[in-house]
Amino acid sequence: MSFTAIRSIAYSSLATTQLQMALTSSNVANADTEGYSRKVAVQTSASTGTVGTGVSVTAIRSNVDKYLLKDLVASTSTLGAATSTDSFASKLQNLLGSTTGSDSGGTSLANSIANLETALSSLAGTPESQTLQAQVVDALDTLASQLRETSSGIQGLRADADDGIEDSVDSINASLNSIATLNSQIAAAQARGDATGDLEDQRNTALQTLSRQMDVKYYVTSDNQMRISTSSGTTLLDSNVHELSYSSAAAVTSATVFDGITVDGKDITAEITSGTVGALIAQRDTELPAAQAELDELAAGLIETLNSIHNAGTSSPPPTTLTGTTTVSASDALSGSGTVRFAVTDADGALVSYQDLDLSAYTTVGDLASAIDAIDGLSASVNSAGKLVVTVDASDTAVAVVDIDSAIGSDDQGLSDYFGLNDLLTGSSAATISVRSDLLATPGLLATSALSTASTLTVGASVVSVGESSVAEAMNDALSGNHSFAAAGKLKASTTSFADYATSIVSTIATTASSASTALDSGTSARQSLADSLSSQSGVNLDEETARLSELEQQYAMAGQLLEALNNMFDTLLQAVQSS
């Protein structure tokens, strides 16, 4: 072998070993850098004819297992979804309160219902007590307020989820643009013949950031360009970025219809099923509305049941005006039967005048209003808001009504209940339920008496009983007894008490929260396991790199010694030639 070939081998060994040492040092320095993969140099031998002339580094590569990376990306999406789901489930559980018994400081709806039952039970024993009347109104107001606040809280969580979607969409677009930029930098580096391993690491990190927000599919082309689409195939990144577009709603109620997440004008909302965005969509559109539906079913049942009973009674003394809550028109058809009694009394409940009305005689609401208006001492009409209003003509009189056997509409409601002349609660859902405003101001308007249903009444006789316990007893029995609830949210149709139904709502949400917490733990563990596997396969092992560095130093020293020996031989040869 010629001196020239040996010199070439020695020099190439020095250069290659020096590059390997620099690469190994870089691996050690970046051992704790997130997303960094171990870089290795690809060496090839050089030769002239059949004579070897050294080695050269043709490429610097990362040894990342593409299958492990795909699994890690999918696991990151799952963890992103689990994290958001757990957060919202925990917040919803806190919103509904605990199921601890009322005597132990429980804060759930079931406790508030139990407190109302206690107040009604006390009132039934002493219905004429103004203090006990106020306690019932206060307990009912607390329950109604809790329902409204919980409903508002649920809609607030939906608004938070909606805002979170918009924020996540911005993050997704930023990740897509980052990957597109890295694609361009990788292409440029390849054209120059530079290493692309560090750029690929950055791209893989950006891909994981993207996948935490939404589930995606991806592949790397033969020219090392990453392409990304939704799980259903809608392109997000090819040679260009196809950004997502979304604007959150200005305000959120149970009736809010949200815009879709779009890409190039196409709605892809249904294509996003995992990641943070997938979980936020599920919370906003499914999980939280389910809780709202359950809450609304409870509120509607309370409104219907308590109003029906309260309309059967009257306050003592009776009010001077009865204003309905049902919206009607004078021209509306009236399908009724049976008898209803209207009476005018003095402040002590003594009869001034009365009349029994046969509902089958009236074909419209206007006909009924005219018949009531014709009763001595009363005026009646449908006001501009579409409510039936009955008032007394003399300021020192009052009006009372009792359904003897009247039945109106498909539900066969009594007249007072049908028109809501003496409702206890207003509204139709958890968001709108409220104690009647004049009752809040004057608890004495609570129905603790009843107009007599005797076949005939005598003017001057007391016809409104004082301290009638039947209304309070009936409301208490209705609350503690069974009520039929329709299927709502995650709850099936059932027949149970109001307190037990409220407990079911809280328990269902608590179970969901527990499942979400378990899923988060599992998702965290699964992703960490995959991350550890990928790190073990492609990460930096400090012990191995340190040993490698020591080995390379020895190789470098040996190449240097070879070169030094070669130079000495060459000098000796030169001297021999010169002296000959």
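This is a predicted model: local features need pLDDT of at least 70, side-chain atom pairs count only at pLDDT 80 or more; totals for chains, interfaces and linings use all residues.

User: Which helix gives the largest share of the lining of the largest cavity?
Analyst: The largest cavity holds about 100 Å³ of space. Two or more lining residues come from each of helix 2, helix 6 and helix 11 (498-538). Gln 283, Glu 287 and Ala 290 are among the residues in that lining. With five residues, the largest share belongs to helix 6.

User: Where is the kink in helix 6 centred?
Analyst: Helix 6 has a kink of about 45°. One of the residues lining the largest cavity is Gln 283. The kink is centred on that residue, Gln 283.

User: How far apart are the end C-alpha atoms of helix 6?
Analyst: Helix 6 runs over residues 275-310, which makes 36 residues. At 1.5 Å a residue it should span 52 Å. The distance in the model agrees with that, with the end C-alpha atoms 50 Å apart.

User: How many residues of helix 6 are buried?
Analyst: Buried means under 20% relative accessible area. Helix 6 is mostly covered by that rule, and out of its 36 residues the buried ones number 26.

User: Which strand gives the most to the lining of the second largest cavity?
Analyst: About 70 Å³ of space lies in this cavity. Its lining includes Val 399, Ala 400 and Val 401, along with others such as Gly 313 and Arg 436. Three lining residues come from the strand that gives the most, residues 397-403, and that is strand 15.

User: How many charged residues are in the lining of the second largest cavity?
Analyst: Six of the lining residues are nonpolar and four are polar. That leaves the charged class, with one.

User: What about the second largest pocket: which residues are closest to its centre?
Analyst: This pocket has about 420 Å³ of space, and 17 residues line it. The closest to its centre are Val 64, Lys 66, Leu 69, Arg 203 and Val 220.

User: Which helix supplies the largest share of the lining of the second largest pocket?
Analyst: Helix 2 (66-96), helix 5 (197-213) and strand 3 (216-220) each supply at least two residues. By class, the lining has six nonpolar, five polar and six charged residues. The largest share is four residues, and it comes from helix 5.

Methods:
Residues are numbered from 1 along each chain as its sequence is written. Side-chain values use heavy atoms; hydrogens and water are left out. On a 1 Å grid over the protein atoms alone, a cavity is a set of points where a 1.4 Å probe fits but cannot get out, and a pocket is an open set with protein on both sides within 12 Å along at least five of seven lines; lining residues have an atom within 4 Å of a point. Grid points are joined across faces, edges and corners, and a volume is the space filled by probe spheres set on the points. Ala, Val, Leu, Ile, Met, Phe, Trp, Tyr, Cys and Pro count as nonpolar, Asp, Glu, Lys and Arg as charged, and the others, Gly among them, as polar. The expected span of a helix is 1.5 Å times one less than its number of residues. The bend at a residue is the angle between axes fitted to the seven residues ending there and the seven starting there. Buried means under 20% relative accessible area, exposed over 50%, partly exposed in between (1.4 Å probe, protein chains only).
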